[in-house]
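Biologist: I'd like to learn how to read helix packing and a chain contact. Can you walk me through it?

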Amino acid sequence: MRHLRYVALAAALTAAILFPFYSGLYLRQVAIIILIYMGLALSWDMLLRSGQLSFGISGFFGLGAYAAVLLQLNTGTPPLVTILFGGVVAFVVAFLLGIAVLRLRGMYFAIVTLALSTIFMVVAKNLPSLTGGVAGKMLPSVVFGGDSVKTYWLALGVALLTVLASELFQRTRVFYALTSIRDNELVAKSSGVDVFRYLVLAFAVTSALQGLIGGTYAQIYGFVAPEETFSFTFLLLPMAMALLGGVYSTEGPVLGALLLGALGEYLKLHLPYGHRLVYGVIVVIVMLGMPRGIVGAVRTLAWRVGRKGGGR
Amino acid sequence: MSRNGERIVLETQDLAKNFGGLVALNGVNFSLRQGEILGLIGPNGAGKTTFINVVSGVYMPSRGRVIFQGKDVTFLPAHVKCRLGIARTFQLIHPLTDLNALQNIMVGAIFGRGLGLREAQREALAVADFLGLRDPGRPVSELTALEVKKLEIARALVTRPTVLFLDEAMAGLNIDETEEVMGTVRRIREEGVALCVVEHVMHVISKLTERVVVLDGGRVIAEGPYEEVANDERVIKAYLGEEG
């Protein structure tokens, strides 16, 4: 069983790496976008595992994007290094803000993160000398000169890094810390969990991933602009993907991103104006029927079947 | 080491806690000796659970001190107190439902004692075995009432506490189950742990404890062996009201 999993995993990974060789430019572009959203969906879920709902995704995504672009324009730093810089900036900002706001819980924390996203955008709009104001900034060229194969691999690499981080969260003591905080913070504390430290850590790490992904996005498309870069699309779509696939796991958001990303693209071609409405409705229907998403429903089913087979 | 040694491991001096205008604790002086089983009783609203919450670091006191093994630990947060050796269970049971029983216990071992995952699992299995919690790989939803109580105790016990507060660990259990948990409490004491047991069922208190502290209105109104305390006029008044 375990071997089978590793074989399947290796096959999927090989297929993902070789994907550009059996796809055209269009499919590669679609895949790049899906990988970007996949990382955002997964990083959002990683914090949700502690019970904290963040609406800060688009904020830290945009922060990383701006950091990457501005560093390159002002210092001529190579593009790949500026992407890392985007992650570092998001980490530092989230760490400091986390210390200030992670005394809040639930709805209050969620609202503050939503405000942060907006504040970042307002700042970007109102510092024209640095950020280019409402017009934003253009890079002289996109990363790898627009080579879609290399760009795909870059997006894949960043998505895989997120998967790796997510698995580290799931397989180490972090899993026990976050799950116990989500289930009952009082019990977690009384069992020795330093709740505040783990929440700040989770917030900083997931925001760093979002900043890294933002930096990647900005380098791939070669520009930042307040309304586009801090768009709520980078907040709502990843959340929908994670919820559809199933929260509190690595598989769920990955699967959700693949399904909803592909579906969104398909609908866009056939319903150029109504596609968002249609996949919004799909998400609602799925959530009503499967509150733990597709992965959660499959697990419950497998558990029931296994019980019937083994137990009686 | 003598079981009923006189060494005080935990002490509170003039401990008080207000919630706004409500005085929940009003100057509690309390001591717990090494290896003893102490009963903490009192009518509803007397402040028993608040007392545990303040001592274990869930709430900070409004006044007074908590001394643990000679050190002032009054304002240390709950997770630090847990690591030092002050463990507690909860009156309303709170299993972590997204973890199975074994993983629930592991949380205490990992964070209360700083063990790695593999070691924590070994310790958690040992504690489950000690408490007679069979097949701990089960989801929490499949445990019986008795097993959930055991799970609560296990999660506290796995941190290797010096003192352990049991907040109504036997409430809601039938007579046989209560007997079993009482046996468990005695075995925990044999390991050198000092226990403070909050319980409403008086025959449990009378059979299990050597000394009883009675709280009423946030104050200690009586202290001593159960037989003495049970006949104390103030205690009878507190339970039955002024009219008697």
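**Reading a helix pair**

Modeller: Helix α7 (residues 148-171) of chain A and α10(A) have axes that come within 11 Å and cross at roughly 175 degrees. Axes here are lines fitted to C-alpha atoms, for helices over the stretch in contact, with angles from 0 to 180 degrees between N-to-C directions. Helices are DSSP runs (H or I, at least four residues), numbered from the N terminus. This is a predicted model: local features need pLDDT of at least 70, side-chain atom pairs count only at pLDDT 80 or more, and totals for chains, interfaces and linings use all residues. Residues are numbered from 1 along each chain as its sequence is written, with chains lettered from A and ligands numbered from 1 in the order in which they are written.

Biologist: How is α7(A) oriented relative to α10(A)?

Modeller: Two packed helices are described by the angle between their axes and the distance between the axes. Here α7(A) is roughly antiparallel to α10(A), a label for angles over 145 degrees.

Biologist: Which residues of α7(A) and α10(A) meet?

Modeller: Contact means C-beta atoms, placed from the backbone, within 7 Å. From α7(A), Leu154(A) and Val158(A) are among them, and α10(A) brings residues including Leu209(A) and Ile213(A).

Biologist: And how many residues of chain A are in contact with chain B?

Modeller: 16 residues of chain A touch 23 residues of chain B. The largest share of chain A's side, seven residues, is from α8(A).

Biologist: Where in chain A is confidence lowest?

Modeller: pLDDT is the predictor's confidence in each residue, from 0 to 100. Helix α15 (residues 293-311) of chain A is lowest, with a mean of 78, while α10(A) is highest at 98. Chain A averages 93.

Terms used: Helix = DSSP H or I, 4+ residues; strand = E, 2+ residues; numbered from the N terminus. Parallel < 35°, antiparallel > 145°, perpendicular 65-115°, else oblique. Contact = placed C-beta atoms within 7 Å.
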